[in-house]
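Student: I am new to this structure and would like a close look at one part of its surface. Could you walk me through it and then show me what lies elsewhere for contrast?

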Amino acid sequence: MNDIIQTIAVYAIPVIFAITLHEAAHGFVARMFGDPTAYQAGRISLNPARHIDPVGTLLVPVAILLASKLLGSPGMLFGWAKPVPVDFSRLRRPKQDMLWVALAGPAANLLMAVLWAFSLRLFLESGLQESFWFEMAVAGVNVNLVLMALNLLPILPLDGGRILFSLLPNRMAWQYSKIEPYGLVIVVVLLVTDVLWLLMRPVLAMGTTIVQWFL
């Protein structure tokens with residue numbers, strides 16, 4: 001039981017900030033490109049309380065951590081925050097600007113992974129590699145890289161799907177958008193069949209390479 005409590009304590013802050021700052025980044029960039037919806041809703045904030053979804057940000061990640069600990073097998077940390085409201089029609093160039101709004105979330109995760117990696121380096125140089133804070137920094141790197149890779153999958157409504165929609169010619173983009181109602185079902189199927197890890201591996205490798213520059 002103590003191991004489970006410690007695992008939750010180690011992952012709590014990295015998970016909350018990885019998910020919530022991801023959403024805040026979407027709102028911030030949307031405002032830059034002309035859509036103030038998230039700003040007007042008070043969602044461009046570093047306060048996690050404005051973004052936390054009780055189920056997606058707390059219950060689901062904790063349940064996955066508990067299950068992986070009890071079963072003795074690694075599980076892919078999965079969760080979500082309350083989606084930041086973005087009205088794409090209010091962007092100055094809706095289809096083109098959608099790319100930057102979507103890319104903001106994964107970019108925020110990569111930045112957080114780098115910051116956690118930088119703190120890891122400081123802990124190593126200080127001889128604190130056996131500390132609770134070192135374990136939290138490791139969790140911070142891993143959580144953010146996984147969320148970045150997951151969200152960059154080219155499946156609507158994930159950010160990678162929005163990016164692909166933005167890049168496709170208009171006719172192909174609107175045809176592609178028809179899969180959005182089934183997107184989360186597709187993700188779950190890929191998750192339970194372990195195909196998701198294979199699809200995420202190239203982005204995880206790229207993110208790991210970038211993070212290692214700061215270690």
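Tutor: Happy to! In this predicted model, V55, L59 and W80 make a nonpolar surface patch of about 280 Å². Let us take V55 from that trio: this residue belongs to helix α3, which covers residues 54-71. V55 counts as partly exposed because its relative accessibility is 39%, between the cut-offs of 20% for buried and 50% for exposed.

For contrast, turn to N151, which sits in helix α5, residues 132-151. N151 is buried because its relative accessible area is 14%, and buried means under 20%. Setting aside neighbours within four places in sequence, the contacts of N151 are H22, P106, L158, D159 and G160.

D159 and G160 are among the buried ones, together with G161, R162, I163, F165 and S166.

In the model, the span 99-124 is 100% helix and 0% strand, and its end C-alpha atoms lie 38 Å apart. For residues 136-158, the figures are 70% helix and 0% strand, with the end C-alpha atoms 27 Å apart.

How values were computed: Residues numbered from 1 in each chain as written. Predicted model: local features only at pLDDT ≥ 70, side-chain atom pairs only at ≥ 80, totals over all residues. Heavy atoms only, no water. Buried < 20%, exposed > 50% of the residue type's maximum accessible area, 1.4 Å probe, protein only. Helix = DSSP H or I, 4+ residues; strand = E, 2+ residues; numbered from the N terminus. Contact = heavy atoms within 4.5 Å. Patch = residues over 30% accessible without salt bridge, like charges linked within 9 Å, V, L, I, M, F, W, Y side chains within 5 Å. Areas by Shrake-Rupley, 256 points an atom, 1.4 Å probe, with all protein chains shown as cover. Salt bridge = Lys/Arg side-chain N within 4 Å of Asp/Glu carboxyl O.
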